Amino acid sequence: MRVKSSATNASRIAVPGPREGVGLGTLQAALGVVAFSLTFPATAWGLEGFGPWSLVAVRSVLAAVIAGCCLCAVGASRERGRMRWRLELPEARQLPGLAVVGAGVVLGFPMLTTLALKTSTTAHAAVVVGLLPLTTALLSALRMGARPSRAFWAAALAGAAAVLGFTVQQSGGSLTAADGYLFAALLVCAAGYTEGGRLARVMPGWQVIGWALLLCLPLTVPAAALALSYEPVRLTGHGVAGLLWVAVGSQFLGLVVWYRGMAAIGIPKASQLQLAQPLLTLVWSVLLLGEHLTAAAPLTAAAVLVCIAVTQRSRS
């Protein structure tokens, strides 16, 4: 394997071809949203067969293996009848940002939400995490100096109030440990998204998550081995299907089609599609897990979506 020190070359996976139209780009972005909306139900299935630490660690290792194969395949070429593999390494100045992405998106968010789902329903978690775009906007303003309008911040505060009211009402007047995990997950994931968005300006977006996964391997491989030795494993159909989905669908392939869709139709249009993600998760929780929604869950989700829609229009 030959190594080159550059991460700025175009990628066959990250950049759509010129013949890919708006319709295909919209479809790809929509598939990414569907993949993300299935994360919580798939995690709940995975917990039927794996412990929380095993699920998160094995998920990250599997996704990193896929990402590594794709990174090598993109740099592959045939020279003198022989296949040569080139791995395009990120630049040294990009490593701190990739570390933040890994800590937030690869490790922190999956671990904290998995712990939360041990005692919380996916419907409840979906509504709370519906605040993620607003949390990301707050950290982006602090990190990158963005100055959204007053309407944006008013909608952000309204969304925060709706989410806090829902969590307190569902918890009988007080926040639970699961809510603490979920709100911590919002912060670490928003930090990972902010750094990932900044890095995506100088390298293909799918490579951002790919390298973040690979950089976490020195932690996730021993963590997976240790967790599997201590936590009981039951290879049920739901457990295996949930693990495979969060590893292949949510952690990697969903991001691939999502970034391809954004490249084809633009970030503003793609972001509007993601407003449906919390409601989709609520639907999956009923269809796949048999959960029963209270009237507050869909109403709160709808309120959060309205607030996010206002922030999207305000920023544009």
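Trainee: Which is Glu-91, buried, partly exposed or exposed, and how do you know?

Mentor: First, this is a predicted model. Glu-91 has a relative accessible area of 24%. Buried means under 20%, and exposed means over 50%. The value for Glu-91 falls in between, so Glu-91 is partly exposed.

Trainee: What makes Arg-93 buried or exposed?

Mentor: Its relative accessible area is 59%. The cut-off for exposed is over 50%, so Arg-93 counts as exposed.

Trainee: Why is the pair Arg-93 and Glu-91 called a salt bridge?

Mentor: Look at the N to O distance between the side chains, which is 2.8 Å. The rule asks for a side-chain nitrogen of Lys or Arg within 4 Å of a carboxyl oxygen of Asp or Glu. Arg-93 and Glu-91 meet that rule, so the pair is a salt bridge. Side chains of opposite charge can pair when their charged atoms come close.

Trainee: How many salt bridges does the rule give?

Mentor: The count is 1.

Trainee: How do you know what span to expect for helix H10?

Mentor: H10 runs over residues 217–230 and has 14 residues. The expected span is 1.5 Å times one less than the number of residues. That gives the 20 Å expected for H10, and the helix reaches 20 Å from its first C-alpha to its last.

Trainee: Which residues of H10 are buried, and how do you know where they lie around the axis?

Mentor: Thr-220, Ala-224 and Ala-227 are the buried ones. They cover an arc of only 80° around the axis, so they sit on the same side of H10. Pro-218, Leu-226, Ser-229 and Tyr-230 are exposed on the other side.

Trainee: What do the buried residues of H10 pack against?

Mentor: They pack against helix H3 (52–74) and helix H4 (95–116).

Trainee: What does Leu-288 contact, leaving aside its neighbours within four places in sequence?

Mentor: Leu-38, Pro-41 and Trp-45. Leu-288 and Leu-38 are 250 residues apart along the chain, and their C-alpha atoms are separated by 9.7 Å. The pair still counts as a contact, because contact is judged on heavy atoms within 4.5 Å.

Trainee: What share of contacts joins residues at least 24 apart?

Mentor: Of contacts between residues at least 6 apart in sequence, 86% do.

Trainee: How many helices and strands does the chain have, and what share of residues is buried?

Mentor: The chain has 14 helices and 4 strands. Buried residues make up 50% of the 316.

Notes: Residues numbered from 1 in each chain as written. Predicted model: local features only at pLDDT ≥ 70, side-chain atom pairs only at ≥ 80, totals over all residues. Heavy atoms only, no water. Helix = DSSP H or I, 4+ residues; strand = E, 2+ residues; numbered from the N terminus. Buried < 20%, exposed > 50% of the residue type's maximum accessible area, 1.4 Å probe, protein only. Arc of directions from axis to C-beta.
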